[in-house]
Amino acid sequence: MTCWRYCLLMQATALDATDSFVWHRVGSLALQLCKWKLARFAFEQGLKLRADGTLCLAGLCDVLLGLGDYEALYPLLVASARAGVSMERYDVQGRVSWYFR
């Protein structure tokens, strides 16, 4: 069931690559399939289209946290906090404390 959904979503991005929600769905499905690079790409595309897209932002944070890419994750969390988006579920302070040094 998941493979046909993946194919349909990829076709949807080919038809309309300007819809951030489609990119969010592609990213979410890629996460379920453990396709980390595709998930990261999809969420980044969604954020390029809609910078205030909290769904793509949260998805990208999930991917970066899963990959252990704290250097890329931390600036997103800071930007989110400045924009007033609650990202409290990402308790990474201990993991990124080296970033402050």
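Predicted model: local features only at pLDDT ≥ 70, side-chain atom pairs only at ≥ 80, totals over all residues.

**Exercise 1: Helix α2 and its ends**

Residues are numbered from 1 along each chain as its sequence is written, and side-chain values use heavy atoms, leaving out hydrogens and water.

Task: what span should the 13 residues of helix α2 have at 1.5 Å a residue, and which residues in α2 are buried?

Solution. 
- Step 1. Helices are DSSP runs of H or I with at least four residues, numbered from the N terminus. Helix α2 covers residues 20-32.
- Step 2. The expected span is 1.5 Å times one less than the number of residues.
- Step 3. Buried means under 20% relative accessible area, exposed over 50%, and partly exposed in between, using a 1.4 Å probe and protein chains only. In α2, the buried residues are Ser20, Val22, Trp23, His24, Val26, Gly27, Ser28, Leu29 and Ala30.
- Step 4. At the start of α2, the backbone nitrogen of Phe21 has a side-chain oxygen of Asp19 within 3.1 Å.

**Exercise 2: Salt bridges**

Task: how many salt bridges does a search of the whole structure find, and which residues do they join into one network?

Solution. 
- Step 1. A salt bridge needs a side-chain nitrogen of Lys or Arg within 4 Å of a carboxyl oxygen of Asp or Glu. The search finds two.
- Step 2. One pairs Glu44 with Arg40, with 3.2 Å between the closest N and O atoms. Both residues sit in helix α3 (residues 36-49), four residues apart, or about one turn of the helix.
- Step 3. Glu44 is partly exposed at 30% relative accessible area, and Arg40 is partly exposed at 25%.
- Step 4. Asp69 and Arg40 form a salt bridge too, at 3.2 Å from N to O. Because Asp69 lies in the loop between α4 (54-67) and α5 (70-83) and Arg40 in helix α3, the pair ties together parts that are 29 residues apart in sequence.
- Step 5. Asp69 is partly exposed, at 23% relative accessibility. Through shared partners, the salt bridges join Arg40, Glu44 and Asp69 into one network.

**Exercise 3: The whole chain**

Task: how many helices and strands does the chain have?

Solution. 
- Step 1. The chain has six helices and zero strands.
- Step 2. Of its 101 residues, 36% count as buried.

Key. Helix = DSSP H or I, 4+ residues; strand = E, 2+ residues; numbered from the N terminus. Polar contact = N/O pair within 3.5 Å; in protein donor to acceptor, adjacent residues only side chain to side chain.
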